[in-house]
Amino acid sequence: MQPDEKIQAHIVSVWRESRKFLSIGGKEGMLVLTDKHLMFIHKTEAKMKWWKAITQRQVINFIKSKNTMIRHDGYDEDELMNDVEDERNVELGFDDISSISFEEKTWGSVLQLEYEKNGKKEKFQYSVAQDWVKYPAKEPTKYMKVDWAPFVQYIKDRQKFTK
């Protein structure tokens, strides 16, 4: 992340699942879109109290408007800069993304993403969770229907090449 980057969209309570054959489980995190990168942050310094409040507020916002180009109070470029330092978090330049699209399922909206990072091809799907089960493992029980179109278009408009 570069010091002059600005957050364009910030979505919490995101469930990421691998699209590989025989992959099991997923990870909870947040998707952060800046003017130069897309990041999936699942190791964050953000406080649990803040996270709970923001996820509840986000559910209400998505019920009112399905637009994914949203930002949340209490998490800005400084916090993102700290979180990105953890190599377990994923930071992608727009040109690292070989394919990005979205799909409406009966249960919710899915962002499909394919990219190559460090010579390794990855395929993931991202969904916004509304409700969770905590035991035996944390997993979403209900997903939100959101509009990924402006999010996807923002990235496509800034890619230097098309595949």
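Let me start with a term: a residue is buried when its relative accessible area is under 20%, exposed when over 50%, and partly exposed in between, using a 1.4 Å probe and protein chains only. Helices (H or I, at least four residues) and strands (E, at least two) are DSSP runs, numbered from the N terminus.

Now, what you are looking at. This is a predicted model, where local features need pLDDT of at least 70, side-chain atom pairs count only at pLDDT 80 or more, and totals for chains, interfaces and linings use all residues. Residues are numbered from 1 along each chain as its sequence is written, and side-chain values use heavy atoms, with hydrogens and water left out.

The overall picture first. The chain has three helices and eight strands. Starting at the N terminus, the order is β-β-β-α-α-β-β-β-β-β-α. The C-alpha trace spans about 40 × 35 × 30 Å along its principal axes. Of the 163 residues, 44% are buried. The accessible surface, from the Shrake-Rupley method with a 1.4 Å probe, is about 9300 Å². Carbon and sulfur atoms account for 49% of that surface.

Next, contacts. A contact means heavy atoms within 4.5 Å. Take the contacts between residues at least 6 apart in sequence: 62% of them join residues at least 24 apart.

On to helix H1, residues 48-64. Which of its residues are buried? They are Trp50, Trp51, Ile54, Thr55, Gln58, Val59 and Phe62. These residues sit on the same side of H1, because they cover an arc of only 165 degrees around the axis. That arc is taken from the directions from the helix axis to the C-beta atoms. Here is the general rule: an α-helix has 3.6 residues a turn, so residues three or four places apart point the same way.

The face away from the buried side carries the exposed residues Lys49, Lys52, Gln56, Ile63 and Lys64. And what covers the buried residues? The cover includes strand S1 (7-18), strand S2 (26-34) and strand S7 (120-133).

Let's follow those strands. Two strands pair if DSSP finds at least two bridges between them. S1 and S2 pair in the antiparallel sense, over eight bridges. In that pairing, arginine 16 has lysine 27 of S2 as its bridge partner. S2 is also joined to strand S3, residues 37-41, by four bridges, and those two run antiparallel. There, methionine 30 stands opposite isoleucine 41 of S3. S2 and S3 form a hairpin, with two residues between them.

Strand S5 (residues 97-104) and strand S6 (residues 109-117) run antiparallel, joined by seven bridges. Four residues link S5 to S6 in this hairpin. Serine 101 has its bridge partner in S6, glutamine 112.

Last stop: isoleucine 155, in helix H3 (residues 149-158). Is isoleucine 155 buried or exposed? Isoleucine 155 is buried, with a relative accessible area of 0%. What does isoleucine 155 touch? Leaving out residues up to four places away in sequence, isoleucine 155 touches Leu33, Leu38, Phe94, Ile97 and Ile100. Histidine 37 and isoleucine 155 are 118 residues apart along the chain, yet their C-alpha atoms are separated by 8.5 Å.

Key:
Expected span 1.5 Å × (residues − 1).
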